[in-house]
Amino acid sequence: EQINQDRSFVISPYYIKTDKKVMKRLMGVFDGHAKLGEKVSEYSVSALPQLLSKKLEVILDAATDASSSSDQKQEQQTQDDHHPKAEIRQALSETFIELD
């Protein structure tokens with residue numbers, strides 16, 4: 001009899017730090033294959049949220065520090081210029097590579 005090797009998770013709401021203004025969700029699906037595939041997908045389900053959270057916390061702390069370190073006019077300019085979307089994409093990519 002074959003073991004179901006697939007695993008998934010849903011974390012909702014998914015809050016990073018104290019930002020509770022917008023509800024976020026973190027979801028993952030892991031398709032296990034071959035010998036011990038269920039172990040690999042189980043590890044990914046447990047490790048990915050923790051690894052990603054640590055990386056996102058650093059990114060969002062930097063964005064918050066950048067926006068709070070200047071006067072109101074400069075603050076608006078900093079917020080407009082510093083969108084961490086690219087850093088978040090990089091964090092996702094790095095997290096998957098670390099799990100691999």
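Q: Buried means under 20% relative accessible area, exposed means over 50%, and partly exposed is anything in between (1.4 Å probe, protein chains only). With that in hand, is A34 buried, partly exposed or exposed?
A: This is a predicted model, where local features need pLDDT of at least 70, side-chain atom pairs count only at pLDDT 80 or more, and totals for chains, interfaces and linings use all residues. Residues are numbered from 1 along each chain as its sequence is written, and side-chain values use heavy atoms, with hydrogens and water left out. A34 sits in the loop between β2 and α1, where helices (H or I, at least four residues) and strands (E, at least two) are DSSP runs numbered from the N terminus. Its relative accessibility is 60%, so A34 counts as exposed.

Q: Which part of the protein has the lowest confidence?
A: The predictor's confidence in each residue is its pLDDT, from 0 to 100. The protein averages 81, and 76% of the residues score at least 70. Where pLDDT is low, the predicted coordinates should not be read in detail. Confidence is highest in β1, at 95, and the lowest mean, 49, belongs to helix α2 (residues 72-81).

Q: What is the phi of L36, a residue that is not a glycine?
A: L36 is in the loop between β2 and α1. At 47% relative accessibility, L36 counts as partly exposed. Although L36 is not a glycine, its phi is positive, at about 65 degrees.

Q: How many residues apart are the two partners of the aromatic pair, F9 and F30?
A: Rings of Phe, Tyr and Trp (its six-membered ring) pair if their centres lie within 6.5 Å; planes under 30 degrees apart count as stacked, over 60 as edge-to-face and the rest as tilted. By this rule there is one aromatic pair, and it is F9 with F30, stacked at 6.1 Å centre to centre with 25 degrees between the planes. The pair links distant parts of the chain, since F9 is in strand β1 (residues 7-11) and F30 in strand β2 (residues 26-30), a separation of 21 residues.

Q: Is S41 buried, partly exposed or exposed?
A: S41 is in helix α1 (residues 37-68). Contact means heavy atoms within 4.5 Å; leaving aside neighbours within four places in sequence, S41 touches Q5, D6, R7, F30 and G32. Its relative accessibility is 3%, so S41 counts as buried.

Q: How far apart in space are the C-alpha atoms of Q90 and K55?
A: Q90 belongs to helix α3 (residues 85-99). At 42% relative accessibility, Q90 counts as partly exposed, while K55 is buried at 19%. Q90 and K55 are 35 residues apart in sequence, and their C-alpha atoms are separated by 9.6 Å.

Q: Within what arc do the buried residues of α3 fall?
A: A91, T95 and L99 are buried in α3. The arc is that of the directions from the helix axis to the C-beta atoms. On the other side of α3, R89 and I97 are exposed. Seen down the axis, the buried residues of α3 line one face of the helix because they fall within an arc of 60 degrees.
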